[in-house]
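Please look at the chain shown below before reading on.

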Amino acid sequence: MVGGGTSGLAAAITSAEMGRKVLIIEKEDSPGGVGIFAEGLFAVESDLQKHMYINYTCEEAYRDFLNFSHFKANPELVRNFIFETTNTVKWLLKLGVEFEGIFTNVPGGPLVWHIVKGMGENVIQKMKERCEVLGIKILYGLTATRLLMDGKKVSGIEVVDREGNPRVYRAKNVIIATGGYANNAEWIRNYGYHLGKDLIPIGHKGKLGEGIRMALEIGAESEGLGVFQLIRVSPFVAPVPLECVTFQPSLHVNQNGMRYINETVTSVFPFDANAISRQPERTVYIIFDEKLAKYWSEEGVEVGLGRIIPPKTKIDVLGEMEKVLSSGKEGFYRADSVGELARAIGIPEDNLIKTFNRYNSLCQRGYDSDFGKDPRFLKPLEGRLFAIRCKLGFLGTLGGLRVNGNLQVVTPKGEPIPGLFAAGLDAGGLYGDTYDVTAAGTTFSFALTSGRIAGRNASLMGY
């Protein structure tokens, strides 16, 4: 097992439970990866859903998933994943994981998001405990460098320790679960972004794509490289109260001081991020007034941050803004006029005044003839103004190696490479070009479920 994150641990446990001897190679000092931050996982037809009379079926989810991807996704992979998610929930329950309930992450979305108690960190802890019971060995501080071959079959891996000393481990099967390439600036530059400048990684560390590279070097085919789980991020780059006010109702403008989208798209964060990706410097500004700030503190925010800050949570926006402004943190602004706000931000004053006046006139009419914003969120801005600078961020890369429905890595001809599997963020084919947040919790669910599928098939096929 190359990688001890969510998918690697799931694959290792599944293989060990089937009687296989398993070794996990992990680059960091502890397992888990970004899975520790997950709130919950996508699943369909689980017993928890049936208990709540949620009738959304696997067939419906399968059709929705493929339709959203415009049929760019791998149908076999998508189907095997979706139909296995209910078993992943059962598997987690056996590990001792508890669930808080089932929710959606977007207005009107299907109830498929199974929230876990203690977030992903608790799931990782339960998997670590299971690894100990099963005697699964995890070696830390080792970076995989090369896949070993016996003819056309993968027969092991070569690794180096932190001192650069090489080691070799032979294996009947190798499962690549290194977590993608979110920290590989050179690779990401190939897809038009500059890491840390106009694309901010969230929560990732040391994800350089070693597993993907090793497989490509032996003739594997890639799929989905350049697809990212995009999201808008404020200067916090973390789930804190002020992140919520950057949703709705508010006015959004770009570096040129121009409105660029129907702001209600923010409730579907990948769409919001796609819009930001088209703006100058991939930077935008969220503008609101003191009246809205008081509304959020008295009535609560319209759109929350998952289940961490649910909708209608009351937030002391004026107090929070005062904290960041007095601290001198960049990206937060306060002004008594539109012109003053433009000068503070550093965007064209004339443009922002024109945009501001146009927006207020649309709010007063109750009809957004420019972008079609929901009239409920057309609130004219007046008096003291505030702004928060937001950039384009991402929660991870979403493509890597082409796999079949069994999570076997394949060649450009679609032929499985004997002894080689991939899971989680190293496996491509689950998405088209955009993450589907209506299927909330998919990345965490796919990490767990693809790991289980890969671990099971690696054990059954044997090679």
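Is Asp 350 buried or exposed? At 64% relative accessibility, Asp 350 counts as exposed, where exposed means over 50% relative accessible area, buried under 20% and partly exposed in between, with a 1.4 Å probe and protein chains only. Asp 350 belongs to helix α13, residues 349-365, and its C-alpha atom is separated by 28 Å from that of Val 317, 33 residues apart along the chain.

The model is predicted, so that local features need pLDDT of at least 70 and side-chain atom pairs count only at pLDDT 80 or more, while totals for chains, interfaces and linings use all residues. Residues are numbered from 1 along each chain as its sequence is written, and side-chain values use heavy atoms, with hydrogens and water left out.

Helices (H or I, at least four residues) and strands (E, at least two) are DSSP runs numbered from the N terminus, and two strands pair if DSSP finds at least two bridges between them. Angles run from 0 to 180 degrees between N-to-C directions of axes, which are lines fitted to C-alpha atoms, for helices over the stretch in contact, contact being heavy atoms within 4.5 Å.

| β9-β19-β18 | mixed | 55 degrees |

Parallel strands β9 and β19 (residues 416-422) are joined by 3 bridges, and Ile 175 has Phe 421 in β19 as its bridge partner. Helix α14 (residues 442-461) lies across β9, β18 and β19, at about 150 degrees to β19.

In the antiparallel sheet, 5 bridges join β7 (residues 153-160) to β8, where Pro 166 is the bridge partner of Val 160.
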